[in-house]
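Reader: Please show me the structure. I would like to go through a helix and some ring contacts.

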Amino acid sequence: MKVREFADGCDVEQALLVRDVEVRRRRDGSEYLKLTLGDRTGSVPAVLPEAIEHVHELCRAGEVLHVSGRYSAESRFGPQLTVREIRAAAPDEYAREDLIDGPSRSFDQMEGDLRELIATVQNPHLRHLLAFVFGEGTPTWASYRDAPAAKHYHQAYRHGLLEHCLMVAQAVGAISATFPGLDRDIAVTGALLHDIGKLEAYELRGEAISMSDHGRLFGEIPLGYYHVRRLIERIDGFPEHLADALLHIILSHHGSLEHGSPVVPCTREATLVHAIDNLGSKLGSFDRVEKGLPAGEQWSPYDKGLGSGAYFATRPTEQDRRKAA
């Protein structure tokens with residue numbers, strides 16, 4: 001079964017990907033493992049009630065395990081898989097592409113769209129800067145193409161950063177023609193670079209995402225600012241006003257001080273990038289929440305990323321579409 005198809009009371013016996021691992025302690029001092037397991041369609045919390053010592057080494061984020069247990073969906077505790085047995089999955093027991101979450105578009109398609117968008121930037125200084133980041137064979141592009149956009153809330157998978165920033169930049173480019181006074185080149189470049197600090201803030205090992213030491217110590221916004229600042233300093237004659245406009249987008253893209261930006265957006269371009277970035281993050285959270293919704297459910301529980309529950313109207317299944325045809 002796909003994770004989305006788990007129903008209350010069903011027995012589960014199949015390969016699942018470990019997304020997160022946490023050791024918890026009961027009131028009596030004994031320990032148990034709380035896992036997040038999943039496939040491409042969603043994730044489910046899982047509990048190993050007993051004997052964690054002999055399985056702790058198996059339960060690492062990014063590993064594929066064969067799991068036997070029972071799924072329940074209680075109103076008080078929410079969905080949960082209680083594990084009876086667990087072992088390393090054999091290679092012939094799963095297809096990795098069925099377990100790994102990823103973008104809706106292929107990497108090749110996203111890269112092609114990215115190259116087309118960069119070609120529309122006319123300012124030679126910004127084109128030079130973008131070549132440092134996205135030039136084929138450059139170290140930054142090698143990291144950028146694979147990086148996740150987050151650990152949990154949206155696009156938390158390989159190629160997620162590229163997917164998110166490309167969507168933001170494409171929307172910013174389209175909207176720039178609608179409002180007067182916007183510098184499209186600055187807005188598009190800022191959109192492509194606004195999350196570049198995540199290259200240093202997150203670590204991707206296999207399919208497991210974790211916060212790096214630098215991410216914990218400094219945060220992704222300062223890391224992104226200094227990354228782009230260093231690149232600008234390598235470009236002779238880069239105009240100071242252009243650097244100010246671009247770096248302000250990076251520093252302000254979270255939109256408010258309480259959300260981690262050291263400054264709020266003070267330019268048209270920064271205001272636009274923040275608005276579209278926030279929209280892209282919210283819609284990405286809807287995708288994540290929907291993947292974790294049990295089959296047949298329309299309302300999700302409260303989600304911190306959305307600030308509410310999410311509603312998903314009933315959509316026609318593949319069988320419904322075939323009948324209609």
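**A buried helix and its surroundings**

Author: This is a predicted model. In helix H6 (residues 184-193), nine of the ten residues are buried, so the helix is largely enclosed by the rest of the structure.

Reader: Which residue caps the N-terminal end of H6?

Author: The cap uses a side-chain oxygen, which lies 3.1 Å from the backbone nitrogen of Asp 185. Asp 185 is itself one of the buried residues of H6. The capping residue is Asp 183.

Reader: How many aromatic pairs are there, and is the pair of Phe 134 and Tyr 144 stacked, tilted or edge-to-face?

Author: The count is eight aromatic pairs. The ring centres of Phe 134 and Tyr 144 are 4.8 Å apart, with the planes at 75°. Planes over 60 degrees apart count as edge-to-face. The pair is therefore edge-to-face.

Reader: Where do Phe 134 and Tyr 144 lie in the chain, and is Phe 134 buried or exposed?

Author: Phe 134 is in helix H3 (residues 124-134) and Tyr 144 in helix H4 (residues 139-144), ten residues apart. The relative accessible area of Phe 134 is 1%, and buried means under 20%. Phe 134 is therefore buried.

Reader: Is Trp 299 buried or exposed?

Author: Trp 299 has 54% relative accessibility, and the cut-off for exposed is over 50%. Trp 299 therefore counts as exposed.

Reader: Which residue lies over the face of Trp 141?

Author: Trp 141 belongs to a cluster linked by ring pairs, with Phe 107, Phe 134 and Tyr 144. At 4.8 Å from the ring centre of Trp 141 lies Arg 115.

Terms used
Residues are numbered from 1 along each chain as its sequence is written. This is a predicted model: local features need pLDDT of at least 70, side-chain atom pairs count only at pLDDT 80 or more; totals for chains, interfaces and linings use all residues. Side-chain values use heavy atoms; hydrogens and water are left out. Buried means under 20% relative accessible area, exposed over 50%, partly exposed in between (1.4 Å probe, protein chains only). Helices (H or I, at least four residues) and strands (E, at least two) are DSSP runs, numbered from the N terminus. A polar contact is a pair of N or O atoms within 3.5 Å; within protein, one must be able to donate a hydrogen and the other to accept it, and residues adjacent in sequence count only if both atoms are side-chain atoms. Rings of Phe, Tyr and Trp (its six-membered ring) pair if their centres lie within 6.5 Å; planes under 30 degrees apart count as stacked, over 60 as edge-to-face and the rest as tilted. A charge sits over a ring if NZ of Lys or CZ of Arg is within 6 Å of the ring centre and within 35 degrees of the ring normal.
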